[in-house]
Amino acid sequence: KEEDSENNLTYYLIPDDTYGPCTIGFFRQKIVIPESFPLHPDFVMVYKHEGAHLKNHDNLVKLLCLFVLCLHWMNPVAYLLLLLYIDTAEIVSDSAAVEGCPKEKRKDYAKLLVLEASTSDIRPVVWKNNFSSEGKMIKRRINYMMKEKRKGLLQRGIMVAVSALTIVAGAGTVLA
């Protein structure tokens, strides 16, 4: 466990060759960082990104989305819920990471995302970091990040709409 009282950061170190920066846990969430990553110039931005995941309880909500998917495996909207939630959670966390940063720092962070996405990943799909192999998700994340916007209102609106649609569609399959 590392605590940086100067920047008010608390995180756990893991060996470099295991995983990249991520959050673990559902109820007592923690940020884990590879040992050499705190030396990276964009470390604080990555920490803010992971901190936004903690603040929004993204691991728990993703688990709930997976539970909905298990119950409603026959409903295509349940699959859409999981995919859109993951996409929206990453975009909201990226927005928190680059909030108040000049365009040059945003570009540096975008380059870091592209670099992380280009590394091959052999983990099971549930544990993969949220980069798609086609690059569509990373492109969408960078596009949102580089735009000046209003505190993620669009992302929140999308999540509310998708949640309402999932509830309505889920009730439809039960009634059928």
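**A short tour of a predicted structure**

If you trace the chain, you'll find Phe26 in the loop between β3, residues 22–24, and β4, residues 30–34. Its relative accessibility is 36%, so Phe26 counts as partly exposed.

How many strands does the open sheet have, and in what order? There are four, running β1-β2-β4-β3 across the sheet, and the pairing is mixed. Which strands stand at the edges? Those are β1, residues 2–4, and β3. Each of these two has a single partner strand, so one side of each has no neighbour in the sheet. On average, neighbouring strands here are turned by 45° against each other, ignoring direction.

Now please look at the β1 end. β1 and β2, which covers residues 9–14, run antiparallel and are joined by three bridges. Within this pair, Glu3 sits opposite Thr10 in β2. Helix α1 packs on the sheet, where it touches β2, β3 and β4. The direction of α1 makes about 150° with that of β4.

Next, charges. How many salt bridges does the count come to? The count is one. The partners are Asp42 and Lys105, with their closest N and O atoms 3.3 Å apart. This pair links distant parts of the chain, as the two residues are 63 residues apart. Asp42 is in the loop between β4 and α1, which spans 43–55, while Lys105 belongs to helix α4, residues 103–118. Are the two partners buried or exposed? Asp42 has a relative accessible area of 5%, which is under the 20% cut-off, so Asp42 is buried. Lys105 is at 29%, so Lys105 counts as partly exposed.

My last stop is Ser93, which you'll find in helix α3, residues 76–98. Is Ser93 buried or exposed? Its relative accessible area is 0%, so Ser93 is buried. And which residues does Ser93 touch, leaving aside those up to four places away in sequence? They are His49, Ala52, His53 and Asp58.

Key: Residues are numbered from 1 along each chain as its sequence is written. This is a predicted model: local features need pLDDT of at least 70, side-chain atom pairs count only at pLDDT 80 or more; totals for chains, interfaces and linings use all residues. Side-chain values use heavy atoms; hydrogens and water are left out. Buried means under 20% relative accessible area, exposed over 50%, partly exposed in between (1.4 Å probe, protein chains only). A salt bridge is a side-chain nitrogen of Lys or Arg within 4 Å of a carboxyl oxygen of Asp or Glu. Two strands pair if DSSP finds at least two bridges between them. Axes are lines fitted to C-alpha atoms, for helices over the stretch in contact, and angles run from 0 to 180 degrees between N-to-C directions. Contact means heavy atoms within 4.5 Å.
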